[in-house]
Each structure stands twice: as C-alpha cells, then as structure tokens.
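This briefing concerns the structure shown below.

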Amino acid sequence: MTLKKSAHGRYWPWPPGPGVLAGLGATGLVIAGVAGAFAYTGGLLSPGALTQTRIIDRFQAINGVHPGFRRNHAKGVCVTGTFASNGLGARLSRAAVFAPGSVPVIGRFAVGIGKPFLPDNGTEVRSLALSFRPAGGEEWRTGMNDIPVFPVKDAEGFYALMAASAADPGTGKPDPARMKDFLAAHPETARALALIRARPFSTGFANASYNGLDAFRFVDAAGRSTPVRWSMVALDPFVAQTPPPAGARDPNYLFDDLVARLDAGPLRYRFVVTVGQPGDPTGDATLPWPAGRQQVDAGTLTLDHVEAEGPGNCRDINYDPLVLPDGIAASDDPLLSARSAAYSVSFTRRAGEPKTPSEVQPPPARPAAADLPKTGGEP
Amino acid sequence: MNGPRFPVLSRLLHWLMALMILAMLFIGIGMVSSLGDYHWLLSIHRPLGIAILVLVAVRLANRQINPPPPLPADMPAPLRVAAHASHIVLYGLMFAVPLVGWAMLSAARAPIVLYGTLELPPILPQDVMVYAWLREAHTVLALALFAVFLLHLAAALLHALVFRDGVWGSMASPRGGRGTA
Ligand code: HEM
Ligand code: HEM
Ligand code: HEM
C-alpha cells in the first residue's frame, strides 16, 4: 500500500485518508480490547460474583466496623511460647519445624465473632492461631477452632450462612425461616452443625482442643505427599461447660480465666497429626474423617506468656492459613484459598485503621524467674 | 520498512518484559477478585514480580551499553517529549511496582516466599500502617503502569499503522536493520 502524502507530513495526516482511518480504528479496537480484558479479569464486568471484598463487606454489614480489629475473631489476646518437636512429624513432612528441637511461637486466643467488645459467651467458637518461627525462616501459620468440623464447605456457603444467621434488624434475632431455607439448600451444613452441637464446649480456652479442620498435605524429604489434618490437644483435662453460664458472669470470663490459668503455670498442648487414607475427603471440611485413622504425636506446644494485643505482636499478624513452610502444602479444600484471600482484605483494612485498645487487657507480665515482690499498685 | 533498530538484546528484553509485565497486571487484578485462584496466582505473582525487578536493572544497564536508536528526524518536538517522558515513566514504574510489592510484604512481616525454601529478606521493619499505605500504593502504581502501557501500546500501533515512520520496526521487526534487505 502506498501512503497518501499529507500536506503536514506523516505525523499530522490531515485530511485523513482511508489508510489512516483504518489505522486509527485498529488502534482503538486493540486498546479497547485490552482494557476490556483487564476490566473483565478484575471482575468489573461480573459484579454478582463472590469476591474476598464482598465477604469482608458482609462481615462489616453484620457486625459494624470496629476500626483496627479483625473482621472475624475480633476479640482476642496474644500468647507466646515454644513448640518442641519430638522428630516424629519429620517422617511425614520435611518442614523445618518437625525436625527434633524447639521453635518460638507467637499465638492468639480468640472467640469466633466479629464484634470485639461483645461479652464472652460459653457457646462461642474459641480459636487458637499460631505462628511457628524456625530460625532459618520458613514460617508456618495456622488458625484452629475448637469444633470438630467446619459448618460450611466453601466460601459461597460461608457467605450465605452469614446472611442466614444474622440478626434480623426488626426482631434482633436470626430469622428461623431464613436459616431453615439455608439448611435445606445446604444439607452438608445441617450435618456439620449436628456434629458441632453434639460435642460439649469446654469451660474455657485452656482445656479446649483446637482443630485445623481443613485438610493439608505433608510432603516428606523424598517428595511423598500425605493428606493430613491436625489438632492442638490440651493437656489440661477437658471439663464440659454445664449448664451454660449465667448472664451475670464477668463479660471477659473466658479471657480472665485464661490469664489466671497462665499465672499458675504454662499451658501445654500435644500437636497431633491425623493421617488420611486414600478416599478420605480432603476437599470438604464439613466431613469428619473416619475414626481410627493413624495419629502421630509430633511434639508439645508450651504457652507461658500472655499480653494484650499491641504493636508488633499477634495483633499485627495475619494468620493466613496458607503461610506454609516447604513440606506443608494446601489440599484441594476450597476454603483454604478463600480464607487466604479474605484474611488479606481483613488484614489490609484493619492495618490502615487507627487502633483502639482491646477489651482484653491482662495485667502486665511479672518477670518469670526473678522473685520480685508484687508492687500492689497494678491496676 | 527498514530503519535504525534496537540492538537485539534490547529487543529481547523489551518483548520478554512486555509479556511478563502484562501477565503480572492481569494476575494481580485477577487474584484480588478471585477466591479460588487467589493462592496459586499469588504464588506466581511474587517470583514473577521479583524477576521483573531484576530484569529492569539488567535492562537499564544494557541501555547504557547499547543505547536506543534515534527517533525519526522529522518527528515533532511534542511527540518526542511524550515518547521520552513515557519511557521514563515506564522505567520508573517497572522499578517501583515490584519494589513496593516487596516492601509492603516486608512491612506486613509476611514471609516473601519465591519458591520452595527460597525466601527474600524483608527490606522494611514491621509496621502495619506502612503496610496499608504501601498496599494502596501498589494498587495505584500498578494501575498507573497499566494506563501508561495502554498509551504506549496506542503510540506503538499509531507508529506502525498511521505514521509508518519505522519506529515500530525498530522494536518489532525481526528482520535486518538499516541497509539490509
Ligand atoms: C471461607 C471461610 C472463612 C472465612 C470467610 C473466614 C473469615 C475470617 C476472617 C475475616 C478472619 C479475620 C482475619 C484477620 O483479620 O486477621 C478470620 C479469622 C480466623 N479464622 Fe476464619 N474464616 C473462614 C474459615 C475458617 C476456617 C475453616 C477456620 C478453621 C480452621 C477458621 C479459623 C479462623 C481463626 C482461628 C481465626 C483467628 C485468627 C487470629 O486469631 O488472628 N476460619 N476468619
Ligand atoms: C508492559 C509492557 C511494555 C513496557 C513496560 C514497554 C516499555 C518500553 C520502553 C521503556 C521503551 C523504550 C525503549 C527502551 O528503553 O527499552 C519501549 C520502546 C518500544 N516499545 Fe514498548 N513496552 C511494553 C510493551 C510494548 C508493546 C505491547 C508494544 C507493541 C505492540 C511495544 C512497542 C514498542 C516500540 C515500537 C518501542 C520503540 C520506541 C522507540 O523507538 O523509542 N511495547 N517500550
Ligand atoms: C511488575 C511487577 C508487579 C505488578 C505489575 C503487580 C501488579 C499487581 C496488581 C495489579 C495487584 C492488584 C492490586 C489491586 O487491585 O488491589 C497486585 C497485588 C499484589 N501484589 Fe503485585 N505486582 C507486581 C509485583 C509484585 C511483587 C514483586 C510482589 C511481592 C513480592 C507483589 C505482591 C503483591 C501482593 C501481596 C498483592 C496483594 C494481594 C492481596 O491484597 O491480597 N507484587 N499486584
């Protein structure tokens, strides 16, 4: 094709000939196509799709916005200690934490609600989140709950359950009809809730056991991968909470009991790995694994220090369940990627907000070894 | 059309990085709105982004050793300024976006895992406010990179289809440079 010479040179092709118009048109089409593909990938063209942003927005719609606090498991306290591995876990996973020896741990006890100032209530889900920090990096984070299975199998179920169990603005109570509809559409949740309700809650944080619920994969030194679930099993004997606590209890009794228990000495948990067999469901956290699966006791967690949430401690950690060392990998459980995505949005929002002191304020720690007299002036 | 061309290493770096950056923009915007694909996309996003940071340093060094060919002599001054300015902005963003990505994860005290046991050290102390600020900056700068990329793409296509001044060929032509058939 020959170029029609324009009076102003090739950089100002005026009046534009058909070739120039075609070139402009093609350029416009390409730009529109690339920009459109970008908008599509970013979800701009599918506003109905469930995203991490919409999940966190729903937490806020239900619980209100409490600046600086987690959008779920908002009321909590920081603990530290060590995990002493006995080396037995190393047969299943090459992760550094399972080599014999001990690693520092930063943890957080919390109740599974999105309101940081709500009084403790005996039937709330309690949680323990842990960050294991071996010397050479390869950090491992996990968040565990004291229930046997999770009530939903995916993020869509979680999102719908939040709406179904939210208090009706008119009555202040969840609407039973909505819950009934939800359970009819989600039989897996009905089954899971039956298992959750069948098990008594413990009297507190200290004698509860915490379950990872999602399945993961342990990868050993030879690259062999094993499906696993894990738990922190309390050494304090389980005491069932009966009857439900009276309304007049101290609003922070779960946390105050925990602090008192830690005053009496360190808390210990056994880290128990349940080894899945082929066919055990790894992609559905509502389903328990059959009883009698091999269990490996891989070490002991000792927690000996408790402090209020503050700068640089557990407050500022995102207990993203997919912060995993080499040797632990995600399973096909869809909750895992969804949690990772949603926790990131929750973390990003609270990170940028002004911080309010937590409702849970343990008295400042007394030096453990030194026999200092009590000052008596502590609040 | 034959004219002065970019040296082969410059062209190689340009096209390799164009693909990587475009992929990163789509991976980034895709992962923050996807529950199911978030984790695996983010695990590609980190190492690919760091690779871009390394390559842009290589590319700047190469640019000193192998300077780009001159723009056509008849190109009007405003267009030249726009071309140079946009290239400076592109270089700035190619550095800033991945650097901010690394810095924000450092301030969040999140492990910066590239692959397996390969981890980067943090480049900032832990501070969640700084994280929140950098996280916002990462989005704004990445969107700016996408916008400038669109302008750059439009300019490249105009050079190819409207101006037909050899600038397109200087980067895109796989065949010989000036004087070769
Ligand atoms: C799609 C399902 C889920 C959603 C949307 C969700 C949402 C959240 C959110 C937004 C947070 C606050 C994160 C932060 O700001 O740091 C959180 C914390 C937590 N979640 Fe989930 N969660 C889900 C499933 C699970 C499951 C299956 C478990 C059980 C193993 C779990 C256990 C925890 C624990 C223990 C915490 C507290 C961590 C801490 O103390 O920082 N969550 N969850
Ligand atoms: C995100 C992707 C891209 C980036 C960051 C980028 C960046 C750059 C930069 C910085 C230059 C200046 C030369 C140098 O110093 O290396 C350049 C030149 C060029 N680019 Fe790109 N580019 C991208 C994608 C593209 C695409 C998709 C095309 C074409 C369809 C293209 C076509 C050109 C052309 C023709 C030149 C030569 C301009 C001149 O002679 O100065 N680029 N690019
Ligand atoms: C040229 C390089 C890069 C480009 C073009 C890029 C682009 C993007 C984009 C478009 C987003 C989504 C922003 C939003 O819509 O909110 C994003 C998010 C993100 N990027 Fe990058 N990025 C780059 C490098 C990096 C690097 C090197 C890292 C870390 C090592 C990184 C870590 C992240 C993280 C952690 C997120 C957010 C995930 C979340 O909020 O859940 N990026 N990036």
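**Ligand 2 and its surroundings in chain B**

In this predicted model, an oxygen atom of ligand 2 is placed 2.4 Å from an N or O atom in the side chain of B:R63.

*Contacts of ligand 2*

- The side chain of B:R59 also has an N or O atom at 3.1 Å from an oxygen atom of ligand 2.
- A nitrogen atom of ligand 2 lies 2.8 Å from an N or O atom in the side chain of B:H152.
- Five helices of chain B each give two or more residues to the shell around ligand 2: α1 (8-31), α2 (38-65), α3 (77-107), α4 (128-163) and α5 (167-172).
- The residues around ligand 2 number 20, and those that come nearest are B:H14, B:R59, B:R63, B:Y91 and B:H152.
- Sorted by class, this shell around ligand 2 holds 14 nonpolar, four polar and two charged residues.

*Annotated spans of chain B*

- An unreviewed UniProt entry assigns the feature "transmembrane region" to residues 12-32, 44-61, 81-105 and 140-163 of chain B.
- In the model, residues 81-105 of chain B are 100% helix and 0% strand, and the end C-alpha atoms of this span are 36 Å apart.
- Residues 140-163 of chain B are likewise 100% helix and 0% strand, with 32 Å between the end C-alpha atoms.

*Interface of chain A and chain B*

- Contact between the two chains involves 49 residues of chain A and 45 residues of chain B.
- About 3,900 Å² is buried between chain A and chain B, and 67% of this area is on carbon and sulfur atoms.
- On the chain A side, A:R10, A:Y11 and A:F38 lose the most area to chain B, and together they account for 22% of what that side buries.
- Two salt bridges are found across the interface of chain A and chain B.
- A:R10 forms a salt bridge with B:D74, in which the closest N and O atoms are 2.8 Å apart.
- Polar contact across the interface of chain A and chain B amounts to 15 residue pairs, counting those with both residues at pLDDT 80 or more.
- The elements of chain A that give two or more residues to the side touching chain B are α1 (18-41), α2 (52-63) and α7 (334-351).
- Of these, α1(A) gives the most to that side, with 13 residues.
- The side of chain A that touches chain B comprises 23 nonpolar, 16 polar and 10 charged residues.

*Ligand 1 in chain A*

- Ligand 1 has 24 residues around it, of which A:R70, A:R108, A:Y343, A:S346 and A:R350 come nearest.
- An oxygen atom of ligand 1 is 2.6 Å from an N or O atom in the side chain of A:R70.
- For A:R350, an N or O atom of the side chain is 2.8 Å from an oxygen atom of ligand 1.
- The side chain of A:R339 has an N or O atom 3.4 Å from a nitrogen atom of ligand 1.
- Two or more residues of the shell around ligand 1 come from each of α2, β3 (126-132), β4 (140-145) and α7 of chain A.
- α7(A) gives the most to this shell around ligand 1, with six residues.
- By class, the shell around ligand 1 consists of 12 nonpolar, seven polar and five charged residues.

Conventions:
Residues are numbered from 1 along each chain as its sequence is written. Chains are lettered from A and ligands numbered from 1 in the order in which they are written. This is a predicted model: local features need pLDDT of at least 70, side-chain atom pairs count only at pLDDT 80 or more; totals for chains, interfaces and linings use all residues. Side-chain values use heavy atoms; hydrogens and water are left out. A residue is near a molecule or strand if one of its heavy atoms lies within 4 Å of it. A polar contact is a pair of N or O atoms within 3.5 Å; within protein, one must be able to donate a hydrogen and the other to accept it, and residues adjacent in sequence count only if both atoms are side-chain atoms. Helices (H or I, at least four residues) and strands (E, at least two) are DSSP runs, numbered from the N terminus. Ala, Val, Leu, Ile, Met, Phe, Trp, Tyr, Cys and Pro count as nonpolar, Asp, Glu, Lys and Arg as charged, and the others, Gly among them, as polar. UniProt positions are given in the numbering used here, feature names are shortened, and annotations may be inferred rather than shown by experiment. Contact means heavy atoms within 4.5 Å. Buried area is the accessible area (1.4 Å probe) that two parts lose on being put together, summed over both. A salt bridge is a side-chain nitrogen of Lys or Arg within 4 Å of a carboxyl oxygen of Asp or Glu.
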